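Q: I would like to learn how features of a structural model are read. Could we work through some of them in turn?

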Amino acid sequence: MNFSEVFKLSSLLCKFSPDGKYLASCVQYRLVVRDVNTLQILQLYTCLDQIQHIEWSADSLFILCAMYKRGLVQVWSLEQPEWHCKIDEGSAGLVASCWSPDGRHILNTTEFHLRITVWSLCTKSVSYIKYPKACLQGITFTRDGRYMALAERRDCKDYVSIFVCSDWQLLRHFDTDTQDLTGIEWAPNGCVLAVWDTCLEYKILLYSLDGRLLSAYSAYEWSLGIKSVAWSPSSQFLAVGSYDGKVRILNHVTWKMITEFGHPATINNPKIVVYKEAEKSPQLGLGCLSFPPHRAGAGPLPSSESKFSLQTLKPVTDRANPKIGIGMLAFSPDSYFLATRNDNIPNAVWVWDIQKLRLFAVLEQLSPVRAFQWDPQQPRLAICTGGSRLYLWSPAGCMSVQVPGEGDFAVLSLCWHLSGDSMALLSKDHFCLCFLETEAVVGTACRQLGGHT
Amino acid sequence: MGDWMTVTDPGLSSESKTISQYTSETKMSPSSLYSQQVLCSSIPLSKNVHSFFSAFCTEDNIEQSISYLDQELTTFGFPSLYEESKGKETKRELNIVAVLNCMNELLVLQRKNLLAQENVETQNLKLGSDMDHLQSCYSKLKEQLETSRREMIGLQERDRQLQCKNRNLHQLLKNEKDEVQKLQNIIASRATQYNHDMKRKEREYNKLKERLHQLVMNKKDKKIAMDILNYVGRADGKRGSWRTGKTEARNEDEMYKILLNDYEYRQKQILMENAELKKVLQQMKKEMISLLSPQKKKPRERVDDSTGTVISDVEEDAGELSRESMWDLSCETVREQLTNSIRKQWRILKSHVEKLDNQVSKVHLEGFNDEDVISRQDHEQETEKLELEIQQCKEMIKTQQQLLQQQLATACDDDTTSLLRDCYLLEEKERLKEEWSLFKEQKKNFERERRSFTEAAIRLGLERKAFEEERASWLKQQFLNMTTFDHQNSENVKLFSAFSGSSDRDNLIVHSRQPQKKPYSVSNGSPVCMSKLTKSLPASPSTSDFCQTRSCISEHSSINVLNITAEEIKPNQVGGECTSQKWSVASRPGSQSFGKHL
């Protein structure tokens, strides 16, 4: 495992291009585009103000930089550095900006969610979509980029509009049976839309592309409901994490629950491997760079005890957004594993075997898990806890790597490269790239790990 | 006893009264005593009777007492004591035979009575003990009753308390339920209120938004604009198309196409899955049929009453389905038939399995009664026994091993004790041989020494002879020199000359030693020790010679020295013999005395 040198970064804005060739990062008002392999700066763009959001277009040709404070969006072309585009939302303000899947339209949401403006880079045409709903996840595109679903609120009722992205034509418009719609998400196959209600009510609705209600599911009443939702990449399962600390898996045939995964603080099954990070005096220097990656420092050790209790957090229940329930959910790219985090056991990541529908492993870190992301190519989970270590889990085992460099590199976020060979580790002010070994070497390393643990 | 006495008292008194009529002279009625004796004869009473009888009949009242007794006996049905008299005047004679008979009978009766009494007494005792037992039982039972009553009361109390508690809990539950209901109602009302408020607020918010929208959007905000260098081409390279009804229809079509594709894909998947499942089902069916067919006859007999028709159906279905499976169709009728047949077969299988289970359980139940099946207790006992045996065997093995090891340590075997003994014997023999050889060597040494001694002695003898001769010559010379000598002196000289003569003979002996050995010992008539000495010391003649010389000439110093050495040898050799003899002798009286003592 190798690490690149550390580069400056602000606002955790660092993104790989969708084609995997470039890496865009922001330093204050500057946008830096680097080559992923050489890390040499290819382009440097200067924006008008501190950049708050960047997004690559789907064809990796353009990057939009949003400066919400000034209601500005600047678009840069990678092919034509001199090309520029500036969108000013004026007094309407700007709270969100995103690319349409074709990479030629930008959707800007004005303040107070008054409307969404669709700016085209090809024509002068500007489209407006009224009544967008102010919610967590109000816009979602199908994976093929054909359709967009938009949550709307009109006359105190929730609606969903489905647009054809190619010409922004409204395809379907239907009301949803929700009190206060919170999120919508397309299934990866683009045929089913999951719609879930506010956390005050456990309700998830499934709509077909043509607006038919396929199914509605509610696990319980009178309690805080859904906190997170994730589709499996195969569109076969819908995982619903809720405030009761459980993940419920719905199937795509009957849309009924197959199983539910509880996240208790004690793990009674002795067969479950629990990797517990152990405190050890930090070892610095080149040893971390060399192979095999040093893992004993924070060596996640499997527990041989029959009962294993995890560190729990007592949630403050009289405040909004209590730290309970399943806040993070992610399926592995092959749909074989599901990683979850229970917010009142913030140090632990549960990994579930979806084939056998049972718990597979539990990783308990020393500090709360900030983010985890699956390798896009193989079942490998990268975890960061805001410390200077990167944790990798695979079915063969678990390891942790100290990020080298002067001082502590507190990894707050991470994102995998498309190929799964590298990932960007982001801290508050810096970022670096972490290059993993080629698959064969990693395989042996993992096997070694498996043997050791 | 007392009770009895009191009970019989009135009778006694009445009897005594009647008796007093007959016998005016007797102060105490014997009959009453008799009855007393019958009723409650005991040893002290019988003594009383004796003492009384001694007082009953005196010299004076023999006649009266006899008549009294006669009367008494006749009243009790005994034959009269008197002989049958012909005349009334004549005095009746006492019939001794009758008296004796009566006596005998009375005695027999007495004995019988005693026996009966004993029986009665034992019975009485028995009854008394029974009574005691029953009384104790009764008291115990009473206590039990009391305790159980108390327990019952306690339980009742507890029951009451529990009921009370239960009632309270029920009340609490009801309250809680009410509370829950209330809270739910509150939640619901709050929710509706919240929703209402939310709606109201939202409406307000929407109004505000609308106004804002109008204000912001309609003001022709110059700022809201896109500043772009040049428009770029579409990603697909096509030109943007106008929105028309056509595009709308096309979009719809495409959407449906996508949906259709998805559904087709899913249907394909489902079909594949279905096919797989069908295959499995068919296989299961076949296996079930094959499994059930050999037992068909049996179940038919057994299940005839309940599922007789089903089996015949199954047979038909088996044929049908094999045909139908060829079609691999999922039309409704086939499905129904398939499921029906499967269900039927499943039922049969189930009943069969249940029957088997029943049989198994029956066998189990019977097994406990059956003798050929070992009961658990027996089994445990057997195992215990076997374990014990194993333990013992183990111990045996252990001890054997220990023994073996011990024997190995001494390089010997248990089985070859005889060999061992032989070994010992051999060893001893060898030891003895060695000792023997040592002994022999010692003997040789001794002999050598003795020889040297004898030689030395011979030499000495020769020297002495020479010396004697010298002295003799010297004496002769002196004698010759001294011309005037006494008679005494002459005698002395004679003696000396005699001595010198013997010494001369000695010299001869030295020359021919062996022949003269025996004559010497015999002539000497020496004691056992001496003979021994001669045996052990073949060169004894010289020593004996010395002895003699010593006895003869004791005043000579040089001879004395030689004598001492000879004597030293003697006790060494002889002492051992003597002591051994003494030992044997000493041991004998001891054993004898022991025998005597014993």
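**Aromatic pairs, backbone and surface charge**

A: The model shown is predicted. Over all chains, the count of aromatic pairs comes to 16.

Q: How is a pair of aromatic rings described?

A: The description rests on the distance of the centres and the angle of the planes. Take A:Phe62 and A:Trp99: their ring centres are 6.1 Å apart and their planes stand at 35°, so this pair is tilted. A:Phe62 belongs to strand 8 (residues 62-67) of chain A and A:Trp99 to strand 11 (residues 96-99) of chain A, so the pair ties together parts that are 37 residues apart in sequence. Both A:Phe62 and A:Trp99 are buried.

Q: What is the geometry of the pair formed by A:Phe337 and A:Phe360?

A: That pair is edge-to-face, with 5.2 Å from centre to centre and 70° between the planes. Because A:Phe337 lies in strand 32 (residues 337-342) of chain A and A:Phe360 in strand 34 (residues 358-364) of chain A, the contact ties together parts that are 23 residues apart in sequence. A:Phe337 has a relative accessible area of 8% and is buried, while A:Phe360, at 24%, is partly exposed.

Q: Turning to the backbone, which residue other than glycine has a phi near 60°?

A: A:Ser11 has this positive value. A:Ser11 is located in the loop between strand 2 (7-8) and strand 3 (14-16) of chain A, and with 41% relative accessibility A:Ser11 is partly exposed. A:Ser60 sits in the loop between strand 7 (53-56) and strand 8 of chain A.

Q: Is A:Ser60 buried or exposed?

A: The cut-off for buried is under 20% relative accessible area. A:Ser60 has 2% relative accessibility and therefore counts as buried.

Q: Finally, which residues gather in a patch of positive charge on the surface?

A: B:Lys440, B:Lys443, B:Lys444 and B:Arg448 make up such a patch. One of them, B:Lys444, is placed in helix 10 (residues 417-481) of chain B. B:Lys444 is exposed, its relative accessible area being 56%.

Q: Where is B:Glu428 found, and which patch does B:Glu428 belong to?

A: B:Glu428 is found in helix 10 of chain B. B:Glu428 gathers with B:Glu427, B:Glu430, B:Glu434 and B:Glu435 in a patch of negative charge on the surface. At 37% relative accessibility, B:Glu428 is partly exposed.

Terms used: Residues numbered from 1 in each chain as written. Chains lettered and ligands numbered in written order. Predicted model: local features only at pLDDT ≥ 70, side-chain atom pairs only at ≥ 80, totals over all residues. Heavy atoms only, no water. Patch = residues over 30% accessible without salt bridge, like charges linked within 9 Å, V, L, I, M, F, W, Y side chains within 5 Å. Areas by Shrake-Rupley, 256 points an atom, 1.4 Å probe, with all protein chains shown as cover. Salt bridge = Lys/Arg side-chain N within 4 Å of Asp/Glu carboxyl O. Lys, Arg positive; Asp, Glu negative; His and termini not counted. Charge placed at Lys NZ, Arg CZ, Asp CG, Glu CD. Helix = DSSP H or I, 4+ residues; strand = E, 2+ residues; numbered from the N terminus. Buried < 20%, exposed > 50% of the residue type's maximum accessible area, 1.4 Å probe, protein only. Phe/Tyr/Trp six-rings, centres within 6.5 Å; stacked < 30°, edge-to-face > 60°.
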